[in-house]
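Biologist: Hi! Could you walk me through this one? I'd like to start with a helix.

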Amino acid sequence: MSEITRLLIHGASGRMGQALLRLAAERQDLRVVAAYSRSQPAQRVIDGVPHFAVSELNGAPEFDVAIDFSLPDGFDPVLALCAQRGKALVSGTTGLSSAQNTAINDAAARIAVVWAANYSLGVAVLTELVRRAAAALPGWDCDVIEAHHTRKLDAPSGTALHLGAAAAIGRGDEPHYASLRAGDIVGEHTVQFAAAGERLELIHRASNRDIFARGALEAALRVAHQAPGRYGLAELMFPNL
Ligand SMILES: NC(=O)C1=CN([C@@H]2O[C@H](COP(=O)(O)OP(=O)(O)OC[C@H]3O[C@@H](n4cnc5c(N)ncnc54)[C@H](OP(=O)(O)O)[C@@H]3O)[C@@H](O)[C@H]2O)C=CC1
Ligand SMILES: O=C(O)C1=N[C@H](C(=O)O)C[C@H](O)C1
């Protein structure tokens with residue numbers, strides 16, 4: 001086991017991929033050994049990091065953990081690579097199908113896997129608040145309202161679905177969802193509880209993708225050498241919640 005954790009970044013050319021590469025370069029405890037993007041034209045080295053096209057994924061160099069922020073179309077090959085190599089995977093790709101979710105559970109018999117719709121501490125706390133509010137407010141209307149940039153493809157967002165599931169645990173039924181796509185909004189989530197005469201709103205606003213990238217890098221460090229299993233973000237990162 002090397003002291004420096006070797007990272008493979010999948011989805012490197014994207015908004016999240018670029019944040020991950022920039023923040024990883026500032027750290028001494030990890031090193032990006034390969035960065036993959038769908039449309040990378042040819043193998044090349046950028047700031048000391050070898051970049052490849054995803055078509056070359058099977059020939060990836062040795063790594064300890066892969067971080068994936070791509071799109072559902074790209075998810076299966078990186079999960080397969082990690083399972084085949086016996087290496088951990090941290091993924092934040094949203095919009096995955098139920099079959100892909102089942103594939104994560106299957107892979108977790110062989111490797112350590114973390115998948116989370118949101119890697120920020122604020123949303124981890126919000127999730128707990130939503131669960132408690134939903135349990136305390138039976139019979140109130142519950143709506144999850146999310147806003148994101150116009151380039152986002154999935155709706156409702158993964159975080160909205162995650163918060164809705166937390167509310168459902170507290171109240172026994174799913175809330176309603178509303179999605180807005182406008183400008184360059186990084187990510188905003190409101191969980192609203194409403195009854196006659198009063199309304200409670202719990203809100204998280206992300207203004208910078210670094211919060212997600214930092215969370216994913218930390219999760220990767222923590223899970224890189226763990227035993228096989230599907231690890232929840234809260235148990236791995238925020239055990240005091
Ligand atoms: N869990 C969390 O905390 C967060 C999750 N997300 C999620 O992360 C994902 C990426 O977001 P974002 O960075 O904004 O998206 P971008 O569109 O900016 O980037 C997507 C990346 O994935 C690559 N890609 C696209 N299709 C494929 C494919 N079929 N195979 C392999 N690679 C592919 C793209 O390569 P190329 O450029 O060559 O097309 C690009 O590198 C989304 O699902 C988003 O919802 C985002 C923020 C936080
Ligand atoms: O695509 C995004 O940008 C984001 N996606 C995640 C989601 O679907 O919840 C997390 C964050 O809101 C940004």
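Biologist: What should helix H5 span at 1.5 Å a residue, and how far apart are its end C-alpha atoms?

Modeller: Keep in mind that this is a predicted model. H5 covers residues 158-171, and its 14 residues should span 20 Å at 1.5 Å a residue. The end C-alpha atoms are 20 Å apart, so the two agree.

Biologist: Which residues of H5 are buried?

Modeller: They are Thr159, Ala160, His162, Leu163, Gly164, Ala166, Ala167 and Arg171.

Biologist: And what covers them?

Modeller: The cover includes helix H4 (121-136) along with strands S8 (141-148), S9 (176-181) and S10 (187-195).

Biologist: What follows H5?

Modeller: Gly172 does, and its phi is positive, near 95°.

Biologist: Changing topic, which domains does the chain have?

Modeller: The assignment gives domain 1 as 5-115 + 210-237 and domain 2 as 121-206. Their centres, taken over C-alpha atoms, are separated by 27 Å. Six residues from domain 1 and six residues from domain 2 make up the contact.

Biologist: How does the domain 1 side of that contact split by class?

Modeller: Where domain 1 touches domain 2, there are four nonpolar residues, two polar and no charged ones.

Biologist: Last topic: which residue does UniProt list for "binding site"?

Modeller: The unreviewed entry lists Arg38. Arg38 sits in the loop between strand S2 (30-37) and strand S3 (44-46).

Biologist: Why is Arg38 classed as partly exposed?

Modeller: Because Arg38 has 16 other C-beta atoms within 10 Å, whereas a buried residue needs 20 or more and an exposed one has 12 or fewer. Leaving out residues up to four places away in sequence, Arg38 touches Val54 and Gly74.

Definitions and conventions
Residues are numbered from 1 along each chain as its sequence is written. Chains are lettered from A and ligands numbered from 1 in the order in which they are written. This is a predicted model: local features need pLDDT of at least 70, side-chain atom pairs count only at pLDDT 80 or more; totals for chains, interfaces and linings use all residues. UniProt positions are given in the numbering used here, feature names are shortened, and annotations may be inferred rather than shown by experiment. Helices (H or I, at least four residues) and strands (E, at least two) are DSSP runs, numbered from the N terminus. Two residues are in contact if their C-beta atoms, placed from the backbone, lie within 7 Å. Domain bounds come from an automatic or database domain assignment. Ala, Val, Leu, Ile, Met, Phe, Trp, Tyr, Cys and Pro count as nonpolar, Asp, Glu, Lys and Arg as charged, and the others, Gly among them, as polar. The expected span of a helix is 1.5 Å times one less than its number of residues.
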